[in-house]
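Reader: I am new to protein structures and would like to learn how to read one. Could you walk me through it, one feature at a time?

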Amino acid sequence: MESRVTLFRNVMGFMGALRKAGLPADPAGAIELCEGLRFIDIGSPADFQATARTTLMFRKEDLARFDVVFREYWLQQKRPFNRLAENDETEIEGPEPQPEQDDNIGDDDGPDKEERRASYSADEIIARKDLATLTDAEIERARRLIRQFVAAFATLRSRRHQRSRRGQLLDFRRMLRRTAVQGSDATEFYYRRRKIRRTRLMLLCDVSGSMERYSRFLLEFIYGLRRELPDTEVAVFATRMTVITDLLEARSVARSLREVARRAGDWGSGTDIGGCLRDFNDRYARDMLTTDTVVVLLSDGWDRGDAQLMRDEIEHLRRRAHRIIWLNPLLGNSDYEPLTRGMRTALPHLDHFLPAHNLESLARLAQTLRTALN
Amino acid sequence: MTTAELNSIDAVATALTDRRYIPDRALATTVFLALRLGKPIFLEGEPGVGKTELAKVLAEILGTPLIRLQCYEGLDTHTALYEWNYPRQMLELRLQEARGIDKEQIGADIFSADYLLERPLLKAIQHAGAQAPVLLIDEVDRSDEEFEAFLLEVLSDFQISIPEIGTITAQQVPVVVLTSNRTRELHDALKRRCLYHWIDYPDVAKEIEIVQARLPGVENDLANQLAFFMQRVRSEDLYKRPGIAETIDWAAALLALGTDELDRDTVDATLGCILKYKGDIEKLQTTGLEKLLSEAQEARAFAESPTTR
């Protein structure tokens, strides 16, 4: 009995160690592990480890770290498997959490962030990105185009069916039910059709220095999309990823812009697309992306970061999202050297790579997407 | 063999090996626990590492039918669970009407179990036999989220409600195996409900063992050459890396050709067995098949040299 209690306490300590290391460790898993332990020889570390891993883990990415934590907790600290009665009075403590690969995030909080903030005051940014400088007619036009752009996604057909008054597929089930009630002479036709897919948008906007010129367009774009698809998520990046969706809720556009500029301390600086995407994949992708999500990446592709990293991260992103569309303002430019290094590496993983430098190109965009996506 | 007879990890490992499936210890543990705890097994891994095969072998060992549900986007209850047999219903309706049977009664008659077409999930739940069936839900990453949610529900209580009939509960909980190639991330909730195991590419020793277990006709030397070559190929940056299934295919092809030695020309002629993309084949040919072969040879010589033992 004593030994069971000790084992149980050690298992709970182990769960704490896992949690510290950022690994999944919920009570349901702990219960399952304890149940599993009843059936195996807990004197064998390998079997014990396999049991813990199969009951607690459920992501490949976590497995290597799990093995490390397991080794440190059970083997290095010599917590007994077989001599369970032996009680160790020491405080149950997990190993130090593994260093995460967030070096670049840490760096950003360093002094150079202050420098960037100082060089771009919030007011300057607002002046440059003030929506009021667009004429009313332009705004009206932009909104119409953005509506079309959004409509291209919003009418995607799912492979699922729903009832419909007309269509090509008969809804036999419904017909038979009706017929059973009304008699076979009164057979009516019911149909099914493919459902409209609920699409969500994730907008990733490059706000680095090279994108400054397009920032007015960019903001109109963000707000336009949010108007049409209110659950669109928005993040901006240059040297790090900043999610700004919540800031866009604010009633005053000017105030929320000031907030955005404050939070995204890297506005107007250099670009590290690969690093930012990694940041996004690590921190946000799991919560923000579903298989219905269309990711729209708005960037000129000028990248000072690692091209290979960027390729890998885009590939990663591709697996999580429904589609990835890269809108590039420079593509519309006639004297633009067509492909920067970073962008070239990313091309194979994109679903669409389209120009978007002004409102005119948006019009073409909507049309292209409508035919391409369905 | 019954689940009761598989009473230890070793018993499971032996049973699998007897059926020419070579498990590693961790996988045998997962299978053993799944049988004991009555939980589904969730297998992830690259294509061709033996995920589906495990379910087949399990069914063989347990002597029960393998009920397979292949997933795809848009998979719905009509294909996964049940469907009504409309033509039969329609006929019966006409007949009963002609006989002047009351309409209420007709409705009850044609929506009864006789007119139900069983699809895999219902079949697994309704299975009546001494031993629970093995339910293989293959490539669940290809289904969509709606189906995933539905699956979560079915896998937690193994009961299904059909509005016209009522609730059907499983006689015995089936042995469920889910597989995923990770073309997309599945929701954690579903994976949490299962015993998770990631099947990796086998190491050389295991690959040799697998080839020889599957194809006893392959000479020891050729099996070695194949395994080392495959390890080398997998280290290349390919669009789709060959799995153990490809190694077995390849070995079978070489066996049929009567080859007992891997050389440049043989590899060149049979490369299609292991690489399924034109780009990948071109990539290997640019790297140079001879170079790959000699590197594989070196690795083998190094592994077999007594000093490293």
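Author: Happy to! Let us begin with a definition: contact means heavy atoms within 4.5 Å. Leaving aside its neighbours within four places in sequence, Cys205(A) is in contact with Leu218(A), Ile222(A), Ala235(A), Val236(A), Phe237(A) and Leu298(A).
Some ground rules before we go on: this is a predicted model, in which local features need pLDDT of at least 70, side-chain atom pairs count only at pLDDT 80 or more, and totals for chains, interfaces and linings use all residues. Residues are numbered from 1 along each chain as its sequence is written, chains are lettered from A and ligands numbered from 1 in the order in which they are written, and side-chain values use heavy atoms, with hydrogens and water left out.

Reader: Where is Cys205(A) placed, and why does Cys205(A) count as buried or exposed?

Author: Helices (H or I, at least four residues) and strands (E, at least two) are DSSP runs, numbered from the N terminus. Cys205(A) sits in strand 4 (residues 200–206) of chain A. Buried means under 20% relative accessible area, exposed over 50%, and partly exposed in between (1.4 Å probe, protein chains only). Cys205(A) counts as buried because its relative accessibility is 0%. Cys205(A) and Ser299(A) are 94 residues apart in sequence, but 6.4 Å apart in space, C-alpha to C-alpha.

Reader: What does the secondary structure of chain A come to?

Author: Chain A has 16 helices and nine strands. Of its 374 residues, 51% are buried. Among contacts in chain A with a separation of 6 or more, 75% are between residues 24 or more positions apart.

Reader: How do I read two helices that pack, such as helix 9 of chain A and helix 5 of chain B?

Author: Start with the axes, which are lines fitted to C-alpha atoms, for helices over the stretch in contact; angles run from 0 to 180 degrees between N-to-C directions. Helix 9 (residues 172–182) of chain A and helix 5 (residues 86–98) of chain B pack at about 15 degrees, with axes 11 Å apart. Angles under 35 degrees count as roughly parallel, over 145 as roughly antiparallel, 65 to 115 as roughly perpendicular and the rest as oblique. These two helices are therefore roughly parallel to each other. Phe172(A), Arg173(A), Leu176(A), Thr179(A) and Ala180(A) in helix 9 of chain A meet Tyr86(B), Gln89(B), Met90(B) and Leu93(B) in helix 5 of chain B.

Reader: At what angle do helix 3 of chain A and helix 2 of chain B pack?

Author: Helix 3 (residues 45–56) of chain A and helix 2 (residues 25–37) of chain B pack at about 60 degrees, with axes 9 Å apart. Helix 3 of chain A and helix 2 of chain B are therefore oblique to each other. On the chain A side the contact is made by Asp47(A), Ala50(A), Thr51(A), Arg53(A) and Thr54(A).

Reader: Which residues have a positive phi without being glycine?

Author: Two examples come from chain B. Arg20(B) has a positive phi of about 65 degrees and lies in the loop between helix 1 (9–18) and helix 2 of chain B. Its relative accessible area is 41%, so Arg20(B) is partly exposed. Phe158(B) has a phi near 45 degrees, and is found in the loop between helix 8 and strand 6 (159–162) of chain B. Phe158(B) counts as buried because its relative accessibility is 7%.
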